[in-house]
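This report accompanies the sequence and the three-dimensional structure shown below. Please keep both in view while reading.

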Amino acid sequence: MDDSLNSRGLNEAFGDEPAPLPLFLRWMAEAGEAENDDPTAFALATVDAAGQPSVRMLLLMRATEAGFVFYTNMKSRKAEELQGNPRASMCFHWKKLRRQLRVSGSVTLVSDAEADAYFASRDHASKVGAWASLQSSSMSSRCEFEQRVAEYLTKYPEGSVVPRPPHWSGWLLQPAEVEFWLDADARLHERLRYTARPDGSWEQELLYP
């Protein structure tokens with residue numbers, strides 16, 4: 001057996017963590033060094049009441065033992081779908097590292113205090129944009145949106161305090177399953193899956209590619 005593999009045959013890139021978060025944080029740090037743009041970008045999949053899936057790219061804001069946090073306009077399609085079906089999946093792809101990560105589980109809203117704190121950390125233009133955008137609604141022209149931005153810039157000029165809109169908050173995805181994927185030659189990829197147990201521990205298993 002290759003010296004880079006432990007007794008279970010795990011690739012050294014996986015390590016042998018009993019829970020997925022330490023490995024995720026290590027992979028994210030390595031992606032931050034290797035990827036040119038937005039290593040925190042991920043695809044979020046939701047499902048509507050008719051069973052139609054929808055997917056889009058977002059940015060991860062935080063990952064802890066509690067789960068993965070992202071923010072959005074609560075009138076957006078994704079937020080409406082999450083309110084109707086509070087389950088979601090996310091997928092990270094770090095092309096230069098030839099790695100993929102998939103997470104699935106249930107979602108809950110973050111607290112108002114947490115949403116306020118994150119919103120306060122955003123730059124002024126992003127705060128104004130959150131007020132101006134009627135996300136996912138149709139508009140007659142781009143000028144209509146630009147006019148709304150101008151109106152809110154007048155209301156909240158540079159240097160003023162911009163409060164968090166009541167329709168803007170964050171979601172916490174609490175993982176039930178986390179899968180780490182490594183690219184390999186001849187499509188003989190390596191996969192490591194963690195599945196949450198009822199007692200809070202994790203089952204770890206290797207999967208065929």
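This is a predicted model: local features need pLDDT of at least 70, side-chain atom pairs count only at pLDDT 80 or more; totals for chains, interfaces and linings use all residues.

Residues are numbered from 1 along each chain as its sequence is written, and side-chain values use heavy atoms, with hydrogens and water left out.

Helices and strands are DSSP runs numbered from the N terminus (helices: H or I, at least four residues; strands: E, at least two). Helix α1 spans residues 20-34, and its 15 residues reach 21 Å from the first C-alpha to the last, close to the 21 Å expected at 1.5 Å a residue. That expected span is 1.5 Å times one less than the number of residues.

A residue is called buried under 20% relative accessible area, exposed over 50% and partly exposed in between (1.4 Å probe, protein chains only). In α1, the buried residues are Pro20, Leu21, Leu23, Phe24, Trp27, Met28 and Ala31. They lie on the same side of α1 because they cover an arc of only 155 degrees around the axis; the arc is that of the directions from the helix axis to the C-beta atoms.

Helix α2 (residues 77-84) buries Lys78, Ala79, Glu81 and Leu82. These fall within an arc of 165 degrees, so they line one face of the helix. On the other side of α2, Glu80, Gln83 and Gly84 are exposed.

A nonpolar core is a set of buried Ala, Val, Leu, Ile, Met, Phe, Trp, Tyr and Cys residues joined through side-chain atoms within 4.5 Å. The largest core has 35 residues, of which Phe24, Phe92 and Phe180 touch the most other members. Its largest share, 6 residues, comes from α1. Apart from it lies another core of 14 residues, including Val69, Tyr71, Ala115 and Val162.

Glutamine 204 lies in strand β9 (residues 202-207). The table lists two polar contacts of its side chain; a polar contact is a pair of N or O atoms within 3.5 Å, where within protein one must be able to donate a hydrogen and the other to accept it, and residues adjacent in sequence count only if both atoms are side-chain atoms.

| Partner of the glutamine 204 side chain | Distance |
|---|---|
| Tyrosine 194, side chain | 3.0 Å |

How many disulfides are there? With a disulfide taken as a pair of cysteine sulfur atoms within 2.5 Å, the count is 0. Cysteine 91 is partly exposed, at 23% relative accessible area, and cysteine 143 is exposed, at 55%.
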